[in-house]
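Student: I would like to learn how to read an interface between two chains. Where do we start?

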There are 2 protein chains.
Amino acid sequence: MSYLKERILQDGRVFENNVLKVDSFLNHQIDPQVMVEVVKEFERYFKGKKITKVLTVEASGIAPAILVAEAFKVPMLFAKKMEPSTMQKSSRYETIVHSYTKNISTKIIVSKEYLDAKDHVLIIDDFLANGQAAKGLIDIVNQAGGTVAGVGICIEKSFQTGRQLLEEMGVDVYSICRIASLENNQVTFVE
Amino acid sequence: MSYLKERILQDGRVFENNVLKVDSFLNHQIDPQVMVEVVKEFERYFKGKKITKVLTVEASGIAPAILVAEAFKVPMLFAKKMEPSTMQKSSRYETIVHSYTKNISTKIIVSKEYLDAKDHVLIIDDFLANGQAAKGLIDIVNQAGGTVAGVGICIEKSFQTGRQLLEEMGVDVYSICRIASLENNQVTFVE
């Protein structure tokens, strides 16, 4: 069993509406040992692929993404959720990401300076549920004319539609931990 | 000369109103090599201190903070700028941070579960200008009754008042790169 799965069973808490709270070790307080173990698994799975850049979206994707970028010795790029004062509108890719959990739509942006048609992009994020954040990041890679090398996820809610959405787009999705169900406040992993 | 200084001279761009754009390697696209070198310097400076936790604020502090946390083998905690749906109001520390650059005030929050009076906290951030973000993080550590072990900054605008503000609070501030002036679109470091 992966270290992440052990920690989910030990420290994760399940709330109503299929919310899994892992903010003691993954997305508020972050245990570096969890990150190190997660990154080893991403490295093992994606090492045969051509990767020139790691892409995520702020904020909780940044910690795993920088460590994956360090492992592959390529730059990490994170999409921003607000308009930085020094980035001109004409010089960026942007897309809208809808969060079903929070029921809000957010614009995410990436500077055109840092992503182009030569890039092979590994997308990293902490969670995959409905797949909207990953889809938004794929859209940004496509706007740049780049290639999606794959999507690496820490925790996938496999009972939601994200993986199917991404696979139908032809994307290679690797999740370290796939959750089959959170019913009755119990975490059940995909076999 | 530190690697970060070299990269600022090579890739940084100066804009009006003392804006230094370093988003090709520090806070949008992030070069892992810059991070590794920066973290070595933080490790060297703070290694004699008792540190139980690394604290930063989303988003651009997260990359250096997770690597510093990995180096010191302690958890990293990042203050959030929005109210997460799974965090109850009664169970968090919060403070208001004013950004002079963007002229907005933002509430930042940390769960009370992850910070208490036993903690010795190293605060890490990418920039120090007016010191408002660091001051907000210090306020959160104080609310928890914890001890500020120090503040580690990648780039300090030494012509602004942040360092003085923090030093008057009795805080040990270490900045890898101290900028004396950005006048005439020229980066001048503190000797």
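**Reading the interface**

Tutor: Start with who takes part. The model is predicted. The contact draws 37 residues from chain B and 37 residues from chain A.

Student: How much area is buried between chain B and chain A?

Tutor: Buried area is what the two parts lose on being put together. Here that comes to about 3,300 Å². Carbon and sulfur atoms give 64% of this area.

Student: How many salt bridges does the rule find across the interface of chain B and chain A?

Tutor: The test is a Lys or Arg side-chain nitrogen within 4 Å of a carboxyl oxygen of Asp or Glu. The rule finds 4 between chain B and chain A. One of these joins B:K21 to A:E113. Their closest N and O atoms are 3.6 Å apart, so the pair passes the 4 Å limit.

Student: And the polar contacts between chain B and chain A, how many residue pairs are there?

Tutor: The count is 16 residue pairs, with both residues at pLDDT 80 or more.

Student: Which elements of chain B each supply at least two residues of the side that touches chain A?

Tutor: They are β2 (19–21), β3 (29–30), α2 (32–46), α3 (62–72), β5 (76–79) and β7 (104–111). The largest share comes from α3(B), with 6 residues. By class, this side of chain B has 22 nonpolar, 7 polar and 8 charged residues.

Student: Which strand of chain A is joined to β5(B)?

Tutor: Look for bridges between the strands. Strand β3 (residues 29–30) of chain A is joined to β5(B) by 2 bridges, and the two run antiparallel. A:I30 has B:M76 as its bridge partner in β5(B).

Note on methods
Residues numbered from 1 in each chain as written. Chains lettered and ligands numbered in written order. Predicted model: local features only at pLDDT ≥ 70, side-chain atom pairs only at ≥ 80, totals over all residues. Heavy atoms only, no water. Contact = heavy atoms within 4.5 Å. Buried area = accessible area lost by both parts, 1.4 Å probe. Polar contact = N/O pair within 3.5 Å; in protein donor to acceptor, adjacent residues only side chain to side chain. Helix = DSSP H or I, 4+ residues; strand = E, 2+ residues; numbered from the N terminus. Nonpolar A, V, L, I, M, F, W, Y, C, P; charged D, E, K, R; others polar. Pairing = 2+ DSSP bridges.
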